[in-house]
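Visitor: I have a protein model to look at. Can you walk me through it?

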Amino acid sequence: MSKNQTTIWILLLSIIALAWGYLFYQNWQMTTLPMSEMWMPPSDSAAWNWLDFTLVYIMWAVMMAAMMLPSAIPMIQVYARICQQRYQTIHPHILLFSIAYLIVWFGFSIVLTVLQWQMHGLRFLSPMMDNQSEVMAAVIFLMAGIYQFTPLKNTFLQNCRSPMGFLLTAWHDGPNGAFKMGLQHGGMCLGCCWAQMMIMFAVGVMNLMGMVLITLLVLIEKTAPMSVHYFSRTMGILFIGWGIWLLQIS
C-alpha cells in the first residue's frame, strides 16, 4: 500500500473515530454537567436563533458521519481496488467519492435539523432532546417498520449490498465520476436508511445506546452474509411491535 493510500484510509477511519468521540463527549456533557452549564435548544421554536440551528445541525451532521460512514467502507474498498487497477492509484478518487457520500448525509442533516426545530416547538422533544410523546414515538417506529417491507426499501438495500453491481452499472471515469458515484451511492444509502435514522427522535436525539444499536443494525443489514430479506423484515416486525406497544401504553 502506497503512502497516499495509507493516508486516505487513516483519514477515513479518523473521521469515524472523531465523530464517535464527539458524540461520546456530548453524551458525557449531558449526563454529568448541571443544566445551567449546558447549551440546550429552546423549547419555543420562535426563540431559536442561527447559533441554535448551527449547533443542532453540527450535531446531526456528526451523527450521520459516525453512523453511516462505517457502512460505506465495503463499497469504498471495492472502488479502491478498481481504481488501483485502472488508474494505478486511489487518490483522489476515494477521497472525492467519500466526500460526496457524506455530502448527501450532510444535506439530510438539514432536514433533521428542521424537524427537530418543529418537534421542540410542538413539545414532542424536551430541552434535553428526549422524546416527550409516546404517540409520536409510536408513529416513527411504525413508519420505520412498515418501510422495511416496501419494494423501494428492498431496491435501495440491494444496491447497497452489492458494491460490484453498483459500480458496474453506475461507473463514471475520473475524479468527476468519483464524485458523481459518491453522490449516487449516498442517495441509495439515504433511501435505504432514512427511516432508521428517524428513530433517533423516538428514542432521544442524543441517546448514545440508540446510536450504537442503529449503526450496528445498518451495518448488519448492508454487509452481513445472510438472507437480507429475513433480517430486514425481522427488523420491520420489531419496529412495528415496538410502535404498537407504545400506542397501548400511551
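Guide: Start with one term: a contact means heavy atoms within 4.5 Å. Keep in mind that this is a predicted model.

Visitor: What share of the contacts with a separation of 6 or more comes from residues 24 or more positions apart?
Guide: Take the contacts in the protein with a separation of 6 or more. Then pick out those between residues 24 or more positions apart. Their share is 78%.

Visitor: How many helices and strands are there in the protein?
Guide: Read along the sequence, and the pattern is α-α-α-α-α-α-α-α-α. That gives zero strands and nine helices.

Visitor: Why is the protein called as compact as a globular protein of its length?
Guide: The globule rule gives 18 Å for 250 residues. The radius of gyration is close to that value, so the protein is as compact as a globular protein of that length. The radius of gyration is 19 Å.

Visitor: At what angle do helix α2 and helix α7 pack?
Guide: Two packed helices are described by the angle between their axes and the distance between the axes. For α2 (residues 50–87) and α7 (residues 174–203), the axes are 10 Å apart. Their crossing is right-handed. The angle is about 145°.

Visitor: How many nonpolar residues are in the contact of α2 with α7?
Guide: From α2 come residues including W60 and M64, and from α7 residues including M181 and C189. The contact has no charged residues and two polar ones. The nonpolar residues number 15.

Visitor: Is S126 buried or exposed?
Guide: S126 is in the loop between α3 and α4. Beyond its neighbours within four places in sequence, S126 touches H120 and Q132. Buried means under 20% relative accessible area. S126 has 10% relative accessibility, so S126 counts as buried.

Key
Residues are numbered from 1 along each chain as its sequence is written. This is a predicted model: local features need pLDDT of at least 70, side-chain atom pairs count only at pLDDT 80 or more; totals for chains, interfaces and linings use all residues. Side-chain values use heavy atoms; hydrogens and water are left out. Axes are lines fitted to C-alpha atoms, for helices over the stretch in contact, and angles run from 0 to 180 degrees between N-to-C directions. Helices (H or I, at least four residues) and strands (E, at least two) are DSSP runs, numbered from the N terminus. A crossing is left-handed if the near helix is turned anticlockwise from the far one by less than a right angle, and right-handed if clockwise. Ala, Val, Leu, Ile, Met, Phe, Trp, Tyr, Cys and Pro count as nonpolar, Asp, Glu, Lys and Arg as charged, and the others, Gly among them, as polar. Buried means under 20% relative accessible area, exposed over 50%, partly exposed in between (1.4 Å probe, protein chains only). The radius of gyration is taken over C-alpha atoms; the globule rule is 2.2 Å times the number of residues to the power 0.38.
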